[in-house]
Amino acid sequence: MPDIKTLAAARNVDLVDTFTKSITKLSMMLSACEPIKAAAGETLHHKKITGKLATEEYTEGQAIPVSTYTWADVTTYEVEIKPYRKQTTLQEIKKRGYDAAVDKTDAAMLSDIQRDIKKSLVGVLGGEGVTAVTGKSLTATAATAWATLSNAVEDYGFGDVEAVFFVNPLDFAKQIGESEVFSAFGISYIENWAGLGTLVSTGTVTAGTVYATVKNNIKVYTAPTDGDDLFDFYTDESGLISVSHSATLNSITYDTVAYTGFVFFAEYVDFIVKGTIAAMA
């Protein structure tokens with residue numbers, strides 16, 4: 001039978017692999033691209049294009065009227081390290097065994113980390129500059145949001161709209177019907193919903209509210225893995241999460257330490273719409 005240190009090392013690999021596969025699946029559903037590695041010290045920009053086409057009449061032989069467009073940074077972000085720590089006492093390990101005392105509580109901590117991340121995902125869709133729409137039902141509100149996104153994408157010359165809608169499970173449940181429901185990172189979703197796009201269910205959205213954006217607008221940037229080996233952290237090339245187990249002798253406890261080093265990021269604020277389902281009179 002392998003010793004506990006060997007089990008811990010194997011568990012590090014298992015936790016990172018499970019987490020990375022789950023969030024990569026979510027990233028692909030939202031962005032159709034792999035997570036992007038941020039350089040050390042890199043600042044990320046929430047962008048908006050300002051300007052318009054010149055409408056002055058052109059006079060033969062004279063200078064052509066100039067149209068000016070500029071990038072405006074609405075918000076800037078940096079990839080932050082978010083650490084988490086859990087302690088298991090020697091007494092608890094002796095009482096319940098390593099699997100129950102350490103592994104199962106590790107899994108519970110990982111689940112809570114995922115919940116925290118889901119909140120941050122929806123958080124990037126709020127804030128300044130988001131377009132607001134209303135409708136009499138979820139479908140009507142989403143359709144108006146889709147049309148608003150279509151106009152914005154056309155203005156930017158970015159091609160077709162692949163929309164993603166985020167709603168509360170109470171609103172999502174009414175749309176299931178005969179649809180096939182998929183899951184990624186503990187989040188349920190329906191593809192090609194109502195011919196509009198992907199419908200995502202998450203309790204971090206208030207019932208009666210719809211957030212809509214374009215798929216490729218949501219990016220996942222991850223921190224560099226420099227320094228992980230100094231603390232015996234295990235991670236993979238994605239750098240989405242790092243995990244380490246170590247003993248603390250002065251308290252006779254066994255620490256599980258993990259950190260996430262990534263940020264969800266909506267690149268264009270003009271490609272975010274917040275919809276409100278109007279209450280029926």
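Guide: Let us begin with a definition: contact means that heavy atoms lie within 4.5 Å, and angles run from 0 to 180 degrees between N-to-C directions. The model itself is predicted.

Visitor: Why are E4 and E12 said to stand at the edges?

Guide: The sheet is open, with three strands in the order E4-E13-E12 and antiparallel pairing. Strand E4 (82–89) and strand E12 (241–248) each have a single partner strand, so one side of each is left without a neighbour in the sheet. From one strand to the next, the twist averages 15°.

Visitor: What makes the span of helix H4 close to the expected one?

Guide: The expected span is 1.5 Å times one less than the number of residues. H4 (residues 138–156) has 19 residues, for which 27 Å is expected, and its first and last C-alpha atoms are 27 Å apart.

Visitor: Why are residues such as Leu138 and Tyr156 in H4 called buried?

Guide: Buried means under 20% relative accessible area. In H4, the residues that fall in this class include Leu138, Ala145, Leu149, Val153 and Tyr156.

Visitor: What makes one space a cavity and another a pocket?

Guide: In a cavity a 1.4 Å probe fits but cannot get out, whereas a pocket is an open set. The search of the whole structure finds one cavity of 30 Å³ or more, and the largest cavity has a volume of about 40 Å³. Leu15, Asp106, Met109, Leu110, Val243, Thr256 and Ala258 line the largest cavity, and H3 gives the most to this lining, with three residues.

The largest pocket holds about 370 Å³ of space. Among its 20 lining residues, Ile4, Lys5, Ser246, Ala247 and Tyr254 lie nearest its centre. Helix H1 (4–31), E4, helix H2 (90–96), E12 and E13 each supply at least two residues of the pocket lining.

Note on methods
Residues numbered from 1 in each chain as written. Predicted model: local features only at pLDDT ≥ 70, side-chain atom pairs only at ≥ 80, totals over all residues. Heavy atoms only, no water. Helix = DSSP H or I, 4+ residues; strand = E, 2+ residues; numbered from the N terminus. Buried < 20%, exposed > 50% of the residue type's maximum accessible area, 1.4 Å probe, protein only. Pairing = 2+ DSSP bridges. 1 Å grid on protein atoms, 1.4 Å probe; cavity = no way out; pocket = protein on both sides within 12 Å on 5 of 7 lines; lining within 4 Å. Points joined across faces, edges and corners; volume = space filled by probe spheres on them.
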